[in-house]
Structure formats: C-alpha cells, structure tokens
Amino acid sequence: METTKYSKVYRIIHWTIAVSFLLLLITIFLRLTWMNKFNVAAIIQDYLSGTDVVLSQEQLIDLAKKIRQPMWNWHIYLGYVLVGLFSIRFLLPVFGQMKFQNPFGKSLSTKMKFQKWIYIIFYFCVIVSLVTGLIIELGPKEFKKPMEEIHVLSIYYLIAFIGIHLAGVLIAEFTDQKGIISRIVSGSKKEN
C-alpha cells in the first residue's frame, strides 16, 4: 500500500495563495462592477438630488474614489501578502520542499509536460503582476501609468489559470488520480 502525501508546508502555501488570489479577484470584481467610480458617483448624485448640494462630475468622481479607497487598500495589502508567499514559494525548493516544475523531463507524458508548462507560465505571469504592482505602489510616478496597463491584464491570466486548474483537478479526481482533492486538503490518502 503506497501513501501519496502533500506536506503541511505545501498545503499551507497552496491554500494561502488560493485564498489570497480569490480575495484579490473580489476586489477587482467590486472595482469593475458595484464599486465602479461612475456607479458610486451616480449614487452620490442621486442622493444629493434631494438636497441643495450640487457637485461637479469631477467632485463626484473624487468622492467616489475616496469612498471605495478602503476596499482598494485590501487589494494592495493582498498584493504584499502574495509577494511574501511567492518569495517563500520560490525559496522552498532550496530546502527540498515544493520542487520547481521541469517540463523537459524525457520520461514525462505529454499531459505532464502540459501541466508543468501551465505552471511555469502561471508563475511568470504572477511575477510580472507582482513586480508591476510593486512599481505602481513604490516606484517612480512616471512608471505608474505603463505599469498599470500591464498590471490590469493580470485578471485575464488569473481567471484562465483558475479555470484550467479547477478543470485539471476535477479531471484528475475522476480519472487517474482519485483522491487528489482530499490529499491537498488533508495531506495523504491510502491507495490500494
């Protein structure tokens, strides 16, 4: 009987990164939908229509930005958390934990090579997102606009990766790697 196991460190990093990305997506979703500055400005304008207060569109947008700023601060905090988590993730192989994906192994199946390439592309995109986010927050002002244009693209790779990852996990769970979900939650599963 063989036991396949994900280490506690692996599971903690995996789930902390997953929750952080989910919370980041929520902040992005809110910013693009209900908490969109134009929607919030319209709500303020609607509220003020019954009063003597008149604000210009620019003032309404500025007020809307101030109202949604605390929510957006969470996006920034989560970005810092992810910088820390991925720094740990990239250091762990030095200590024999969470090996890097190598898609060039001759004995790997096409499926395994595909999986490893997906992770490499994902890690590259994450690095670009984190670096551009750090430059937006901490870098020179003249770099802010071009970095924002690149950083905004993060939502596309992240949603694509989550979809591919979940599909892959479900396919694995119902085909050749039964119990993969329980192993990433509890760490091990007895196989017959």
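This is a predicted model: local features need pLDDT of at least 70, side-chain atom pairs count only at pLDDT 80 or more; totals for chains, interfaces and linings use all residues.
Visitor: OK, at what angle do α5 and α6 cross?

Guide: Roughly 20°, with the axes (lines fitted to C-alpha atoms over the stretch in contact, angles from 0 to 180 degrees between N-to-C directions) coming within 5 Å. Therefore α5 and α6 are roughly parallel. Helices are DSSP runs (H or I) of at least four residues, numbered from the N terminus.

Visitor: Which residues meet there?

Guide: Ile 150, His 151 and Val 152 of α5 meet Ser 154, Ile 155 and Tyr 156 of α6, with contact meaning heavy atoms within 4.5 Å. Four are nonpolar, two polar and none charged.

Visitor: Switching topic: what lines the largest pocket?

Guide: It has 47 lining residues, with Tyr 6, Tyr 10, His 14, Tyr 119 and His 165 nearest its centre. α6 gives the largest share, eleven residues. A pocket is an open set of points on a 1 Å grid where a 1.4 Å probe fits, with protein on both sides within 12 Å along at least five of seven lines; lining residues have an atom within 4 Å of a point.

Visitor: How many are nonpolar, polar or charged?

Guide: That lining has 30 nonpolar, ten polar and seven charged residues. Asp, Glu, Lys and Arg count as charged; Ala, Val, Leu, Ile, Met, Phe, Trp, Tyr, Cys and Pro as nonpolar; the others as polar.

Visitor: And which helix gives most to the second largest pocket?

Guide: α3, with eleven residues.

Terms used: Residues are numbered from 1 along each chain as its sequence is written. Side-chain values use heavy atoms; hydrogens and water are left out. Helices (H or I, at least four residues) and strands (E, at least two) are DSSP runs, numbered from the N terminus. Angles under 35 degrees count as roughly parallel, over 145 as roughly antiparallel, 65 to 115 as roughly perpendicular and the rest as oblique.
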